[in-house]
Amino acid sequence: RNEPIKLNLSEKTFIVTGASSGIGEFLSKKLAQKGAHVVCAARRADKLDLVITGIKSQGGTAMSVPTDITDLQQCKSLVEKTIERFGKLDVLVLNAGISMWTSFEELNDVSFFRQLMETNYMGAVHCCHAAMPHLRSTGGLIVSCSTAQALMGFPNHSGYAASKHALHGFLESLDIEMRDEINFLEVIMGWIRDTELRENALGPDGQKMGENKRKHTSQSVTLDDCTNAIIAGIETNKKTIYIPGKLRWVPFLNVFFKAFLRRKVSKAVDDHTD
């Protein structure tokens with residue numbers, strides 16, 4: 001059987017948010033190795049500079065634009081600088097995000113739910129709004145680095161799941177409005193090792209968990225495997241990919257075997273809590 005035609009990423013211009021560490025950093029480096037022009041965005045300029053230096057030392061093309069995605073003007077500036085430098089935008093990767101790890105009942109203060117929504121949802125809205133005209137002119141792509149928690153409820157993650165549900169609904173609506181003028185890829189991820197998401201997750205007091213972070217089990221996926229799968233999804237024009245692959249059962253189970261799925265999820269969270 002014929003292999004699917006692979007999109008050539010060389011000379012394509014990418015914006016990657018949350019590019020200073022974890023998935024964003026790995027993805028940026030790998031895209032640059034494939035000849036893409038990568039614009040790395042995150043709040044921490046010093047960390048971004050290290051990523052850019054690494055890419056350039058390997059012969060890649062990249063620039064850093066320190067950006068707080070919760071600020072609409074900064075997102076507009078990010079896109080403007082991208083167009084100034086590379087003349088076009090082909091792919092927007094929505095990767096920046098923060099998580100939480102605590103039951104709702106344990107919370108002393110729920111105000112950080114606003115922070116989750118501002119970053120995970122409104123940050124993506126800001127980036128999409130700024131990028132839209134440019135993506136339209138290239139027939140470009142929006143990649144959402146999301147989670148199974150966008151598709152179902154999740155214990156200890158109520159505010160995070162809510163923000164990802166919001167993002168899922170927003171992008172699904174955009175996909176319908178765009179009528180294929182812009183493409184969309186939703187990456188549904190489980191637990192990924194070696195990112196800072198765990199230590200930056202917000203605990204019962206609304207502060208980052210840091211050293212108290214939850215440990216990963218053998219069910220988690222490496223950053224290398226995760227980013228390879230995302231790139232393969234982009235190259236083969238997928239609408240949805242699941243990392244690990246078994247997560248593709250979540251939508252089906254959530255409709256037909258909800259109680260079973262909830263038990264499995266609760267056990268998985270408990271395994272990560274020890």
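**Note on the predicted model: aromatic pairs, cavity, pocket and backbone**

1. Eight aromatic pairs turn up in a search of the whole structure. The count takes rings of Phe, Tyr and Trp (its six-membered ring) with centres within 6.5 Å; planes under 30 degrees apart are stacked, over 60 edge-to-face, and the rest tilted. Tyr121 and Phe170 are edge-to-face, because their planes stand at 85 degrees, with ring centres 6.1 Å apart. Tyr121 sits in helix H4 and Phe170 in helix H5, so this pair ties together parts 49 residues apart in sequence. Tyr121 is partly exposed, at 22% relative accessibility. The cut-offs are under 20% relative accessible area for buried, over 50% for exposed, and partly exposed in between (1.4 Å probe, protein chains only).

2. On the basis of the model: this is a predicted model, in which local features need pLDDT of at least 70 and side-chain atom pairs count only at pLDDT 80 or more, while totals for chains, interfaces and linings use all residues. Residues are numbered from 1 along each chain as its sequence is written, and side-chain values use heavy atoms, with hydrogens and water left out.

3. A tilted pair is formed by Phe252 and Phe257. Their centres are 6.0 Å apart, with 50 degrees between the planes. Phe252 is partly exposed, with a relative accessible area of 38%. Phe257 is also partly exposed, at 43%.

4. Overall make-up: the protein has nine helices and seven strands. These are DSSP runs numbered from the N terminus (helices H or I, at least four residues; strands E, at least two). Of the 274 residues, 48% are buried. Among contacts with a separation of 6 or more, 72% link residues 24 or more positions apart. A contact means heavy atoms within 4.5 Å. The protein exposes about 13,600 Å², and carbon and sulfur atoms supply 51% of that area. Areas come from the Shrake-Rupley method with a 1.4 Å probe; for residues, only the protein chains shown count as cover.

5. Where is empty space left? Rolling a probe the size of a water molecule over the atoms shows it. The search of the whole structure finds one cavity of 30 Å³ or more. The largest cavity has a volume of about 60 Å³. On a 1 Å grid over the protein atoms alone, a cavity is a set of points where a 1.4 Å probe fits but cannot get out; a pocket is an open set with protein on both sides within 12 Å along at least five of seven lines; lining residues have an atom within 4 Å of a point. Points are joined across faces, edges and corners, and a volume is the space filled by probe spheres set on them.

6. The lining of the largest cavity includes Thr17, Ile69, Asn95, Thr119, Cys145 and Lys164. Helices H4 (112–138) and H5 (158–178) are the elements that give two or more residues to it. H4 gives the most, with three. By type, the lining holds six nonpolar residues, four polar and one charged. Here Ala, Val, Leu, Ile, Met, Phe, Trp, Tyr, Cys and Pro count as nonpolar, Asp, Glu, Lys and Arg as charged, and the others, Gly among them, as polar.

7. The second largest pocket has a volume of about 260 Å³. Its lining has 15 residues, and His168, Glu172, Glu186, Lys239 and Thr240 lie nearest the centre. Strand E5 (141–147), H5, E6 and E7 each supply at least two lining residues. The lining divides into eight nonpolar, three polar and four charged residues.

8. Backbone points to check by eye. Most residues other than glycine have a negative phi, and most peptide bonds are trans. Ile243 and Pro244 are joined by a cis peptide bond, with omega about -5 degrees. Pro244 lies in the loop between strand E7 (240–243) and helix H8 (250–256). Arg179 has a positive phi, near 50 degrees. Asp180 has one near 70 degrees. Arg179 is in the loop between H5 and strand E6 (183–189), and Asp180 lies in the loop between H5 and E6. Arg179 is exposed, with a relative accessible area of 69%. Asp180 is exposed at 61%.

9. Is His37 buried or exposed? His37 is buried, because its relative accessible area is 15%. His37 is placed in strand E2 (residues 37–42). Leaving out residues up to four places away in sequence, His37 touches Glu11, Lys12, Thr13, Phe14, Thr61 and Phe86.
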